[in-house]
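Keep the viewer handy and click along.

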Amino acid sequence: MAIDFTLTSEQKDVQRTARDFAQNTLKPIAEKADRHKDAQECFLASKPAYEEAYKLGFATGFLPSKYGGADIDLATFVIAAEEICTADPGFAATLLVNGLALMPIVWFGSEAQAEKWVLPATQDPKCEYLAGYAVSEPGGTANYDHPGPHPAGVSVTAKLDKANGEYVINGTKYWPTNSGGWDLKGANVNMVTVRVDSSKGGAEGGLAGMIVPRGTPGMTFKAPIESVGHRLDQNNWIEFENCRVPVENAFAVGEGDSIISKAFTWSGPIAGIASVGVARAAYEWTLEWAKNYTGGGSVPIIEHQSVGYMLTEIAMNIEAARYMCWKSAHYLDNCGLEGHGGTGAMAKIFAGELMMKTVWKCMQVVGVNSLDLNNPLEKYMREALVFPLYDAGNMGMQRRKLWGVMADKDFNPRAYTDNEAIPFKRSMQGYGTVPSRG
Ligand SMILES: Cc1cc2nc3c(=O)[nH]c(=O)nc-3n(C[C@H](O)[C@H](O)[C@H](O)COP(=O)(O)OP(=O)(O)OC[C@H]3O[C@@H](n4cnc5c(N)ncnc54)[C@H](O)[C@@H]3O)c2cc1C
């Protein structure tokens, strides 16, 4: 019995807690918050749910126990994330980004840095701690690993001021979640990817991670972006103007590309399952509708073969996508995130794109009433549109990453099935950043 899809009793507990939280606490809050016209108001309205999620361990439970986390593995996190996303995937992204910001400090930072910056995340008596993961930029992010010097790739710079023992950060970040915090004066901490060496490419040692705490002069936040979907997630516009941080706040100096690659590997199956959660909610609502609505005929529409066939396809797609994400999380747990993402990228691309089409199929089953704002399908569609585009867009970053892993001369195409780690190599990066017209 090597292959076993049964949840452990711990996983069942987590699933039950997440389901109860999603349906009874988050859903009523999210339904109202999503309707606010102003992006910051949407985010603020989700705060009572965030505080509850923090108490339940969903905001930091994935951190190692030595920093106050619960050592929740990816497979278990994925099970919780599906439940939370049936209620609101934008809210789930707020939780996820705490991990995207803090896990790189655990992986690449020193012990002293992890103790100083990660431990407080789990010790907030107000239960409102937020961390931002500031990678994306207005000029584009897909080519973060471009081999060329500045201005290709990451354009936010951090120049070393040796005399004062500080880095001086300048430039703009656009889209990062959580970064502005509840009052737009900053999340507790922002993990910012920067260019420390303007003469070197992204995958050639030019990048680093910089820890910028709330209240650091020179870091300001404009009004968050008004976005089509995931409205409970706060997407920020951050300006750095001669923002100074001590050299002790820098980590992964010369390896900032690995921060981005590994973080988006970790989040791959979570982003994938987020799309499954949304599609599942759409499917369950649609199935109920099809069993009750007649469309002016004499029988509920589920009795029509076209509707029945579409519903079977919807259900099949959801099952397939879920198990892809479970498999990817299980593989990454077993292989210590090695390979930086062949399988994380697969789960994210496969599930996100299929679930987006699956929610559209639900709309086709329901018909014109799916457009009625009194029904939930329009929200599910707005949320589903985000999945192929966010969390390292599927075209610019995720497919390139998978391509780089596969192109390596030592790549074993059976590694995923055999649960064999694929060691990460820097040479796997940069694919497709400098296309040739051939
Ligand atoms: C809800 C939400 C939350 C987010 N949270 C965060 C966050 O916390 N932190 C953060 O930093 N960002 C965040 N983002 C931004 C997100 O991570 C983006 O996915 C990321 O910036 C990449 O976007 P992109 O692929 O569109 O990149 P862009 O650089 O804007 O590229 C645009 C398009 O150009 C094409 N392209 C460009 N270069 C190539 C190439 N070399 N090969 C192939 N195609 C290419 C692709 O089609 C790509 O999709 C968030 C976005 C959303 C919507």
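In which loop is C127 found? C127 is in the loop between α6 (111-117) and β1.

## Ground rules

This is a predicted model, where local features need pLDDT of at least 70, side-chain atom pairs count only at pLDDT 80 or more, and totals for chains, interfaces and linings use all residues. Residues are numbered from 1 along each chain as its sequence is written, and side-chain values use heavy atoms, with hydrogens and water left out.

Helices (H or I, at least four residues) and strands (E, at least two) are DSSP runs, numbered from the N terminus.

C127 counts as buried because its relative accessibility is 11%. (Buried means under 20% relative accessible area, exposed over 50%, and partly exposed in between, with a 1.4 Å probe and protein chains only.)

D71 is another non-glycine residue with a positive phi, near 55 degrees. Look for D71 in the loop between α3 (47-56) and α4 (74-87). Its relative accessibility is 46%, so D71 counts as partly exposed. There is also a cis peptide bond, from H150 to P151, with omega near 15 degrees. P151 sits in the loop between β1 (131-134) and β2 (157-161).

## Strand β5 and its partners

Strand β5 (residues 207-213) is mostly covered, with six of its seven residues buried. Strand β4 (residues 189-195) runs antiparallel to β5, and seven bridges join the two. (Two strands pair if DSSP finds at least two bridges between them.) V189 has P213 of β5 as its bridge partner.

β5 also pairs with strand β8 (residues 250-251), again in the antiparallel sense, over two bridges.

## Around the ligand

The ligand has 26 residues around it, and Y133, S136, T141, A142 and N143 come nearest. (Near means that a heavy atom of the residue lies within 4 Å of the molecule or strand.)

Now for the ligand's oxygen atoms. One is 2.6 Å from an N or O atom in the side chain of S136. A backbone N or O atom of A142 lies 2.8 Å from a ligand oxygen, and for a backbone N or O atom of A392 the distance to a ligand oxygen is 3.4 Å.

Technical notes:
A polar contact is a pair of N or O atoms within 3.5 Å; within protein, one must be able to donate a hydrogen and the other to accept it, and residues adjacent in sequence count only if both atoms are side-chain atoms.
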